[in-house]
Amino acid sequence: MEEKREEYMSNEVRFYRCQNCGNLVYMIHQGSGKLVCCGSQMVELEPRESGMAAEMHLPTIRHDKGRLYVSVNENGHPFTQEHYIEWIALVSPARITIRHLKPEDQGSTLFTDVEHGTIYVYCTLHKLWKKTF
């Protein structure tokens, strides 16, 4: 009997950033070692779910016939070269999908075949945000 992979995956991942070069990685399973880049320990990004600027960064999520529409542009977020949504990640029990965006994408993307999970939004200025659906 084939086991489903989603029984073993979590909706939680951890994101880390190098303070020196800006490398960004995600961890799906935390071991005992430390993540190091450019000779320094990477810093864990703590996703925010509320607080100052939350209304601009928490995404609007809409389901429609197997499609998941995710948007940050409905909340008044700016989209300039200096300040925009760099990526939106979907973390579900079955997969992790990251959509890289440009300012002209206006902070919107589409995912398919997902019923529940967590959306992570990364703003170039205000860093990491999350919303579970």
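**View A. Aromatic pairs in the predicted model.** Two rings of Phe, Tyr or Trp (its six-membered ring) count as a pair if their centres lie within 6.5 Å. Go through the whole structure, which is a predicted model, and you get 4 such pairs. One of them joins Trp87 and Tyr122, stacked with 5.4 Å from centre to centre and 5° between the planes. This pair ties together distant parts of the chain, with Trp87 in strand S8 and Tyr122 in strand S11, 35 residues apart. Both partners, Trp87 and Tyr122, are buried.

**View B. One aromatic cluster, five rings: Phe15, Tyr26, Trp87, Tyr120 and Tyr122.** Trp87 and Tyr122 turn up here again, as members of this cluster.

**View C. The largest nonpolar core, with 19 residues.** Which residues touch the most other members? Look for Leu68, Ile85, Ile88, Phe111, Ile119 and Val121. At least two core residues come from each of helix H1 (54-57), strand S7 (67-71), strand S8 (85-91) and strand S11 (118-123).

**View D. Close-up on Leu68 and its contacts.** Skip the neighbours within four places in sequence, and Leu68 still contacts Ile61, Arg62, His63, Leu90, Thr109, Leu110, Phe111, Val114, Ile119 and Phe133. Two of these, Phe111 and Ile119, are also among the core residues that touch the most other members.

**View E. Arg62 over a ring.** Arg62, one of the Leu68 contacts, sits over the face of Tyr69, 4.5 Å from the ring centre.

Conventions
Residues are numbered from 1 along each chain as its sequence is written. This is a predicted model: local features need pLDDT of at least 70, side-chain atom pairs count only at pLDDT 80 or more; totals for chains, interfaces and linings use all residues. Side-chain values use heavy atoms; hydrogens and water are left out. A nonpolar core is a set of buried Ala, Val, Leu, Ile, Met, Phe, Trp, Tyr and Cys residues joined through side-chain atoms within 4.5 Å. Buried means under 20% relative accessible area, exposed over 50%, partly exposed in between (1.4 Å probe, protein chains only). Helices (H or I, at least four residues) and strands (E, at least two) are DSSP runs, numbered from the N terminus. Contact means heavy atoms within 4.5 Å. Rings of Phe, Tyr and Trp (its six-membered ring) pair if their centres lie within 6.5 Å; planes under 30 degrees apart count as stacked, over 60 as edge-to-face and the rest as tilted. A charge sits over a ring if NZ of Lys or CZ of Arg is within 6 Å of the ring centre and within 35 degrees of the ring normal.
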